[in-house]
Every structure is written in C-alpha cells, then in structure tokens.
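Let me open it and jot down what I look up as I go.

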Amino acid sequence: VANPHPKQVIDFLEFNYKCTTCNAYTSTRHPDCPPEGVFGKNALIQTTLMKFEQRLPFTKIVQQMENEFGLPITVASALDITRRVSEYLRPEYDVILERVRHARIVNVDETSEKVDGVNHWLWVFTTQTDTFFVIRKSRGKKVLDEILGKDFEGYLGCDGWRSYSNFTDRLQRCWAHLLREAEWLSEHCEEAKSLYLALKRLYADLVACLVGDPPLLKRKKLQAGAKRRLRYWLRKDYESKEAKRFILKVRNGFDHWFTFVLVPGLESTNN
C-alpha cells in the first residue's frame, strides 16, 4: 500500500451554553466546520465522490480513506456522511429547482434506474444554466407536475414519450430521434430511403435558414413551408408495416416538430 497523503488536522473550538433560566441549549460552530460530526469538509466531499461518482461500496470507501489519507472511518460513518452531505446540499438543490421551474426552455429526459433492485426512473431537467435530477418510481406526467408545476409556461424539448404531450402542448420533439429512426428504417425498407433523405434535407435547410436569428415573420414563413414539405411525405402511400408505423409516429407529433423554428433559443434536438 502506498504511503497516504499527508494528513492535516484542523481543530475548531466549539462553545456550548445552557441557559439556567429557560434551559435553552446553544452551540456555536465556525463557518468552515460542517454543522454535524467530527469530519471536515474534505473528508465529506471525498467520501461522497467515492460513493456516487466512483460507485464504490462503503467497505471499499473505508479502505480507500485509510490507504490514501490515513483517515480511520467506519462503514456506519461513511453511510451517515452521505446523509449529512445530502442535507447540507438540500438548500442549493431547492434553489436550482426554482430556477428550472421558471426557465423559458427546459430539456427533459428519463431513463431507467435500479434502486435496491427495483426499477425506478432517473429524470433530468436541463436549462442553459442548470441541470436538475430526480429519481422517481413513475415515468408519468405526475413527475412533470411535481417538478415543473402545473402552471409551467415554458417550452419543453423532449422525445415522443406521451407524458410530455399530456403535460403541455408547448413541445419541441427531438429531430435526432426522428432522423435516427428514419435512417434505420431506410436501411431495412427500400421505400423509406427517399423519405429519410427528404427529412434529412428538410432539417438541414431549416437549421441553415435559422443562422443569424431571423425575425419572427421569416420564421413563420419557414415553419409554414416546412409543414407543407412534411405533409407531402406523410400523404404518400406506404406498403410496409414498418414505414406505416413510422409515418403514424411522425403524424402524431406533427404539431411539435417545428416549434424550434418559431422560438429562438429552443433547440431542435434533445441531445
């Protein structure tokens, strides 16, 4: 085992007072000292990073803290440190949540996450300045109601999961998803090749025309023209089940493919 990093011990004097009249108990702590426990901020940070960034079990964390820093710590203490850090960060977490709720544009996605072997959903809400995570059992609209609020007035960048359209009609469906599915379809279905190329050209034309932030009138004309081009391909007759299924998906999201054309700052993808 390599020699641990030099350990620095910082002592803080803590004063405690109990009022003899009302029995109130008062304790003071230095602002650089965590409000609970004998471990300093560096120990708390390292333990938390090992657990949630490096994904080490608590037994490994205990060994690592001893080997690297010469700091004896128990498994129970390592576990409790994660609780303390969570509580310390809660005020900042709540501040970020409020900023997300009042953002004009929020990109949202969700993916499965196991919690004690039970399937949950890890939700991410991203703005230009913040990223906010929650883990919930539900993948439904009630999570959007909880996090963004039922009075949310912004725009959502998202995929085609139905919870989003059930929550608001101010949506931008993800073109990265759309083009990726169209490309796969073109590789497995001959009649979809021209459709994929048309969608690809349509998207490229829109992105090119939006360079330089054109005025609203031009944006409206761009959107109207884009809808006409898309309708042309949606009205065609397709024979394969795969192509029909894809066209139905595109048609169901028709009102949400071109929101980014009208709304400056709203991205066309959910990447």
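Below are my notes on the model, one topic at a time.

**Ground rules**

This is a predicted model, so I keep in mind that local features need pLDDT of at least 70, that side-chain atom pairs count only at pLDDT 80 or more, and that totals for chains, interfaces and linings use all residues. Residues are numbered from 1 along each chain as its sequence is written, and side-chain values use heavy atoms, with hydrogens and water left out.

**Pockets**

I started with empty space. Rolling a probe the size of a water molecule over the atoms shows where empty space is left. For my notes, a pocket is an open set of points on a 1 Å grid over the protein atoms alone, where a 1.4 Å probe fits, with protein on both sides within 12 Å along at least five of seven lines. Lining residues have an atom within 4 Å of a point. A volume is the space filled by probe spheres set on the points, and grid points are joined across faces, edges and corners.

The largest pocket comes out at about 1200 Å³. It has 25 lining residues, and Phe52, Ser86, Tyr93, Phe133 and Ile135 are the closest to its centre. Helix H1 (41–52), helix H3 (75–101), strand S3 (105–115), S5 and H4 each give two or more residues to this lining. Helices here are DSSP runs of H or I with at least four residues, strands are runs of E with at least two, and both are numbered from the N terminus.

Which element gives the most to the lining of the largest pocket? I found that H3 does, with ten residues. Sorted by class, this lining has twelve nonpolar, four polar and nine charged residues. In that sorting Ala, Val, Leu, Ile, Met, Phe, Trp, Tyr, Cys and Pro are nonpolar, Asp, Glu, Lys and Arg are charged, and the others, Gly among them, are polar.

The second largest pocket has a volume of about 810 Å³. It is lined by 27 residues, with Gln8, Ile10, Phe39, Gly40 and Ala43 nearest its centre. H1 and helix H2 (58–69) are the elements giving two or more residues here, and H1 gives the most, with four. This lining splits into 13 nonpolar, eight polar and six charged residues.

**Ser138**

Next I clicked on a loop. Ser138 sits between strand S5 (131–136) and helix H4 (141–148). Is Ser138 buried or exposed? Ser138 is buried, because its relative accessible area is 17% (buried means under 20%, exposed over 50%, partly exposed in between, with a 1.4 Å probe and protein chains only). Past its neighbours within four places in sequence, Ser138 is in contact (heavy atoms within 4.5 Å) with Trp121, Trp123 and Val143.

**Helix H8 and the cores**

I checked the length of helix H8 (residues 216–234). The expected span is 1.5 Å times one less than the number of residues. For the 19 residues of H8 that should be 27 Å, and the end C-alpha atoms are 27 Å apart, so the two agree.

The buried residues of H8 include Leu222, Ala226, Leu230 and Trp233. An α-helix has 3.6 residues a turn, so residues three or four places apart point the same way. Helix H7 (193–209), helix H9 (241–252) and helix H10 (259–262) are among what covers the buried residues of H8.

A nonpolar core is a set of buried Ala, Val, Leu, Ile, Met, Phe, Trp, Tyr and Cys residues joined through side-chain atoms within 4.5 Å. The largest one has 34 residues, and Trp175, Leu206, Leu230, Phe246 and Phe258 have the most contacts inside it. Helix H6 (175–188), H7, H8, H9 and H10 each supply at least two residues of this core, and H7 has the largest share, seven. A second, separate core of 21 residues includes Leu97, Val100, Phe132 and Val134.

Most residues other than glycine have a negative phi, and most peptide bonds are trans. I noted two residues with a positive phi.

- Asn23 has phi near 65 degrees, lies in the loop between S1 and strand S2 (25–27), and counts as exposed because its relative accessibility is 53%.
- Asp213 has phi of about 55 degrees, is found in the loop between H7 and H8, and is exposed, with a relative accessible area of 51%.
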